[in-house]
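Look at the sequence and the model below before reading on. The paragraphs after them go through the fold step by step.

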Amino acid sequence: MHTPEPRSRIAELRKAAGLTQLQLSQRVGVTETTIANWERGRGGLDWIVKLIRLCDALNCNLKDLIEDPATTAAPLLSLEEAQALMRPPAPTHPPAAEPEAIAPLPAAPVAEPNTLSLSDAQRLMGSPAPEPAPEATQQQPRSIG
């Protein structure tokens with residue numbers, strides 16, 4: 001009994017995927033001519049058949065035969081896991097108390113460089129300014145009359 005030769009289904013599967021030979025060749029990493037040859041059954045079918053037999057003998061699929069980092073997908077993360085990776089690490093010790101800020105001293109008007117009036121110096125040092133001396137005589141308002 002005659003066993004029929006294997007027939008390539010690449011063209012049929014490519015068309016069902018909506019791809020041109022050029023698009024498929026770019027995805028596979030071969031030339032467009034190679035895709036055309038595979039579709040016509042020239043060069044390639046015998047090694048495909050051998051790979052299928054190899055997988056059957058090893059009880060695996062074709063992807064199991066090689067480890068390709070380009071096709072090995074990294075595990076997907078949940079949104080929470082991705083956000084946790086982007087957060088800064090938590091401090092390992094309680095933060096030290098920040099020193100109290102010291103308010104800057106107000107600028108004092110200075111008549112000449114390096115000289116201050118007594119009241120300006122006392123104000124800058126936080127001392128109360130002396131009360132002004134009462135006037136000796138206070139004028140009473142005059143009534144017109």
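What follows starts with the whole chain and then turns to single residues.

This is a predicted model, in which local features need pLDDT of at least 70 and side-chain atom pairs count only at pLDDT 80 or more, while totals for chains, interfaces and linings use all residues. Residues are numbered from 1 along each chain as its sequence is written, and side-chain values use heavy atoms, with hydrogens and water left out.

The protein chain has six helices and zero strands. Both kinds of element are DSSP runs numbered from the N terminus: helices are H or I with at least four residues, and strands are E with at least two. Along the sequence the pattern reads α-α-α-α-α-α. The chain has 145 residues, and 11% of them count as buried. Buried means under 20% relative accessible area, exposed means over 50%, and partly exposed lies in between, using a 1.4 Å probe and protein chains only. A contact means heavy atoms within 4.5 Å. Of the contacts between residues at least 6 apart in sequence, 22% join residues at least 24 apart.

Now take two of the helices. H2 (residues 21–28) and H3 (residues 32–40) pack at an angle of about 105 degrees, and their axes are 8 Å apart. Axes here are lines fitted to C-alpha atoms, for helices over the stretch in contact, and angles run from 0 to 180 degrees between N-to-C directions. The angle makes H2 roughly perpendicular to H3, a label for 65 to 115 degrees; under 35 counts as roughly parallel, over 145 as roughly antiparallel and the rest as oblique. On the H2 side, Gln21, Leu22, Leu24, Ser25 and Val28 meet Glu32, Ile35, Ala36, Trp38 and Glu39 of H3. By class, this contact has six nonpolar, two polar and two charged residues. Ala, Val, Leu, Ile, Met, Phe, Trp, Tyr, Cys and Pro count as nonpolar, Asp, Glu, Lys and Arg as charged, and the others, Gly among them, as polar.

Which residues form the largest nonpolar core? Its five members are Ile10, Leu19, Leu24, Ile35 and Trp38. Such a core is a set of buried Ala, Val, Leu, Ile, Met, Phe, Trp, Tyr and Cys residues joined through side-chain atoms within 4.5 Å. In soluble globular proteins, nonpolar side chains tend to be buried together.

Trp38 lies in helix H3 and is buried, at 18% relative accessible area. Leaving out residues up to four places away in sequence, Trp38 touches Ser8, Ile10, Val28, Val30, Gly43, Gly44 and Trp47. The structure holds one aromatic pair. The ring centres of Trp38 and Trp47 are 6.1 Å apart and their planes are at 65 degrees, so the pair is edge-to-face. Rings of Phe, Tyr and Trp (its six-membered ring) pair if their centres lie within 6.5 Å; planes under 30 degrees apart are stacked, over 60 edge-to-face and the rest tilted. Trp47 is partly exposed, at 42% relative accessibility.

Asn59 is exposed, with 74% relative accessibility. Although Asn59 is not a glycine, its phi is positive, at about 55 degrees.
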